[in-house]
Amino acid sequence: MNLAQVLDQVATDIDIRPHIAAWHTLPAQPARTVPIPPDLHPELARALAHREIRSLYTHQAEAFAAARAGENVAVLTPTASGKTLCYNLPVLDRLCREPDARALYLFPTKALAQDQLAELDRLFEAVGEAAAAWKAFTYDGDTPADARAAIRQAGHIVVTNPDMLHASILPLHTRWVRLFENLRYVVVDELHTYRGVFGSHVANVLRRLRRVCRFYGSDPQFLAASATIANPGELAERLIGAPVHLVAESGAPRGERHIVMYNPPVVNPALGIRRSALRESALWARRLLREDIATIVFTRSRLSVELLLTYLREAVGDRVRGYRGGYLPNERRAIERGLRAGDIAGVVATSALELGIDIGSLEAAVLHGFPGSVASAWQQMGRAGRRDGASLAVIVASSDPYDQFLAAHPDHFLGQPPEAGYVNPDNVYVLMSHVKCAACELTFEDGEQFGEAPLEDVLGFLAEEQVVRHVDGRWYWMADHFPAADVSLRSAAQENVVIIDRSKGARVIGEVDLFSAPLLVHEQAIYLHGADFYQVEQLDWPARKAYVRPVKVDYYTDAELAVDLSVLDVFRQDEARAWGEVAVTSKATLYKKIKLHTHENVGWGRIHLPEAQLHTTAYWCAFPEGLEAALGREALTAGLAGLANLLAGLAPLYLLCDRRDLHATPQVRAPFTERPTIYLYDAAPGGVGLAERLFGCHEDLLQAAAARIAACDCEAGCPGCVGAAESGAPGSKAAALSLLTAIGVHAHG
Amino acid sequence: MAEADLYRRWRAFQAGERRASVVQPPRSSAPRLFGVSVDLAGWETVPAGWRLLDLETSALRGGFAFLAGVAAVRDGRLRITQWVLGDLPGEAAFLRALADELDGAACLITYNGRSFDWPLLRDRARLNGVAPWPELPHRDLLHEARAVWGGRLGRVGLSELERTLLGRPTRRDDPGGAAMPGLYRAYLAGEAGALDLALGHNAADLEALAVLAVRCRSLDLGQLGSEDPSDLLGLAGWRWRRGDRGGADAALAAWLDAEPTPSRSESLRGATLCRRLGRWEQAATLWARAADGPFGSVDAAIALAIHLERRRHDPAAALAVVETALARPWLSPARRERLAARRERLRRRLGVRSSRTPA
């Protein structure tokens, strides 16, 4: 059966049809093309013809024309719409005309940089002789020292990441004279990943880049590309610090797309328990894979990738592969190649595959549960979608309240705009680090601009700190350290625990990030990798190594994390709010053994590992003591959780940060305040000032929360107000309102 | 949280608090020139065009140079000239003065200058628009010191060599290299005496470098007699790597004369050099020495077996060496396999010979 026949069958199957909450069809869209622009360099036009490209999609032509006219360009494109030509055409056109020109490509990850290098090499090959002298290189932490000198001199296109630009290229700019003197284009792909605190850092790195370019007499144009996001033009302008020509209309063709929202049947009406979404997702994938329909299954955790993979392997054999963080780069590359070539029929993935990694286009996507954000849902569904022919995306609702709400109100999702990306480059905590780096790179002059930043103030302060010296109208770096080495653009540690198979002479089979390691590779844990079962024999925590051995078992393990928050210092406080320093400790405590297929609990054990500690800054808001008696403990718990979630969801609007930059912890009776309390804290170690600003906008924030709840027409809480909380138990909406009322916050009107 | 303190001070700053104590007086930016001259024995052997260079910098990993000392011979004495960056705006003038001094030098002599001082100056020159920066022949004594004396002495930092190799008295009142960045900031803040400490340290480093340069020069001139025998082997290796075949052979010959009882690892290194320089019989003696005993080197045994088989055409002797090596119980499986293969080949070869010449 082909996909159309499968769809017909599903539509009429009396076991499936009743559980389809919504079936939405997006009509096919024909290609909108224009002839190859006459001002494209003839060598390049010939290369395109060589690759059978005889016209351009309208968005590619628009991007090319804007770039030729000297504008900065941001392209908003769906998956598989020929995005890379939007920036590769202007860059290569320039190289044809100006053989010494240079371009810098920025990707958020090394894997994407590698992908792009392969694409550039294919294009160079198509251009042929004219491109013989062109050289493109990746430049990242893996680049060998002896290759670096050659790349600095000879690389026409240097493909790197913002971290490397920040820590290595800009601080050593005198070694990159050729690049900076001749830099014409800076390509910023996957723009939507640069939001929140990370984006604010990147915006400052780009300010430093522009400043160094000015020193060497160049003024590069920026070419950006973004996946679905509500405000791509605005985000690009904030990041680049200059006006941008937004190309938002895609001319790429699209086949008909079916979006099916599937809610698993109720098996216990009394308790409202539905069939497991994991097993239902596996059934959908099996149904498609058995008909040789190329399918991708998205799920939320690494563990569920492995479980789904195990179940699918049993049904359809090893043409299904897993893909998640923690697989080694070679293994991932092999899977990507297999998918493009069609050797692999299906893949089970986490959002690690969401970013623009090229795996060709698949016919069907199955989403096990609704992903965290609307933009993310569209990206995952976009993985299924071909230029011609139909495609299918199935969202299998889990029992989470959020999923259940969407199953009941499917239009809520389909009509909702994707999230916006915010950055705040002038957040002084972020800014100060980069002013230091910039001062070390090049002396500041009085009156110099650094974006919109309050530069004189920061420099004046740094002079008092004796890290810069103000003489004769200039600010000189004089400290004895290298500031870029002290600043990390990403708040999460990049450190990993490597997983070593002892049965095969100590072979490394995978890795896991430091934060997740206590949960996934504690001693006695079952570690699944590509649906193979291993047991952890020893976790050498100081050495960051987990030793495993293959086992045959019929269970997997699932560990629990206990999180605690304690207040270390109070910076400011009044009746309603406080701001201070906190320690957030997390410790893996015990694990459960869970039987495959039935998911019964068949045993447990303790985990003995040191706790992890995060010192950061927090804002908190305490509620009157008597509420527990008035509302009941259950409702109070639900209300606090709902309100905490709503506050954390609203805060990015006020702070221009990302939802991920803040964590929320409600405590029914907080040890520090001895009252019900909601803590919102900076996710970055040490904090980046978000808590301080929350303290400042406390009233506006609570007011907005009250208004949001009052304006929401749901009954008991929904994702639009308090509902996405873990314990979005009934009554959370009413209880959240009571909490607000108790501290005198009322919705106006 | 050090960062929290920083931001606490930032908030105070924003609230208008100023810390008057840290306001720094501007100083004249012009480069300041200092000179010292020192009597130094043996300096007459050193070419007049040599310029010894040592920098003091604002940060241990780089930053900018605030003090540059250059030593050269003038009227038979070691003359040390030092430039100090008067204040930060004067960096371009400071670099130009230094470039003028060095321009035309026959050879630049530094200690770790190839990877530190010289690239740093080149970067700072580029940053300050001082172009072109001179390109000079450069002899970085760190590399040869490590090759010649590192094996015996272990650490070869200039201050260690000064004590252990050059036998100079311990420095008094020297704040040490790590104090330099702080001393310059103290100088900018107006602290009297900070600069004198930095100048004194730099001059002492240059003196030590000069003594080392004289020592290296005497090796260049073939005066090998006063060196420790084991250092001669290091010298031979260094000269071989630099492509100086004649010099390497001279040093190797001196070592062979001076060292009747080399250690196992010295024997192995010496044998390798002898092989490269065509001293086959001496190489064989050294291999035999290195391979000797229950923990003798298997590499040496293999090299010796090859030599006996191919050069001396004596497969029986080669086989004996291989069999002795194979008798060692501690061989790794891979090693054992390779040796066994060699033994088989040698046995076959001997067997073939005996069948051709029936008794």
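Q: At roughly what angle do the axes of helix H17 and helix H18 of chain A cross?
A: In this predicted model, helix H17 of chain A covers residues 428-441 and helix H18 of chain A covers residues 455-464. Their axes come within 10 Å of each other. The crossing angle is roughly 70°.

Q: Is H17(A) roughly parallel or roughly perpendicular to H18(A)?
A: The two axes cross at roughly 70°. Angles of 65 to 115 degrees count as roughly perpendicular. H17(A) is therefore placed, relative to H18(A), as roughly perpendicular.

Q: Is the crossing of H17(A) and H18(A) left-handed or right-handed?
A: The helices concerned are residues 428-441 and residues 455-464 of chain A. The handedness of the crossing of H17(A) and H18(A) is right-handed.

Q: How many nonpolar residues does the contact of H17(A) with H18(A) have?
A: From H17(A), the residues that meet H18(A) are Val428(A), Leu431(A), Met432(A), Val435(A) and Lys436(A). H18(A) contributes Leu455(A), Val458(A), Leu459(A), Phe461(A) and Leu462(A). By class, the contact has one charged residue, no polar residues and, as the number asked for, nine nonpolar residues.

Q: How are H9(B) and H10(B) oriented to each other?
A: Helix H9 of chain B spans residues 245-258, and helix H10 of chain B spans residues 264-276. Their axes come within 11 Å and cross at roughly 140°. Angles over 145 degrees would count as roughly antiparallel, and 65 to 115 as roughly perpendicular. H9(B) and H10(B) are therefore oblique.

Q: Is Ser391(A) buried or exposed?
A: Ser391(A) is found in strand E18 of chain A, residues 391-396. Apart from residues up to four places away in sequence, Ser391(A) touches several others, including Leu3(A), His258(A) and Glu363(A). Because its relative accessibility is 2%, Ser391(A) counts as buried.

Q: What separates the C-alpha atoms of Ala375(A) and Phe198(A)?
A: Ala375(A) lies in helix H14 of chain A, residues 374-382, and is buried, with a relative accessible area of 11%. Leaving aside neighbours within four places in sequence, Ala375(A) is in contact with Thr228(A), Pro418(A) and Glu419(A). Ala375(A) and Phe198(A) are 177 residues apart along the chain, and the separation of their C-alpha atoms is 18 Å.

How values were computed: Residues are numbered from 1 along each chain as its sequence is written. Chains are lettered from A and ligands numbered from 1 in the order in which they are written. This is a predicted model: local features need pLDDT of at least 70, side-chain atom pairs count only at pLDDT 80 or more; totals for chains, interfaces and linings use all residues. Side-chain values use heavy atoms; hydrogens and water are left out. Axes are lines fitted to C-alpha atoms, for helices over the stretch in contact, and angles run from 0 to 180 degrees between N-to-C directions. Helices (H or I, at least four residues) and strands (E, at least two) are DSSP runs, numbered from the N terminus. Angles under 35 degrees count as roughly parallel, over 145 as roughly antiparallel, 65 to 115 as roughly perpendicular and the rest as oblique. Buried means under 20% relative accessible area, exposed over 50%, partly exposed in between (1.4 Å probe, protein chains only). Contact means heavy atoms within 4.5 Å. A crossing is left-handed if the near helix is turned anticlockwise from the far one by less than a right angle, and right-handed if clockwise. Ala, Val, Leu, Ile, Met, Phe, Trp, Tyr, Cys and Pro count as nonpolar, Asp, Glu, Lys and Arg as charged, and the others, Gly among them, as polar.
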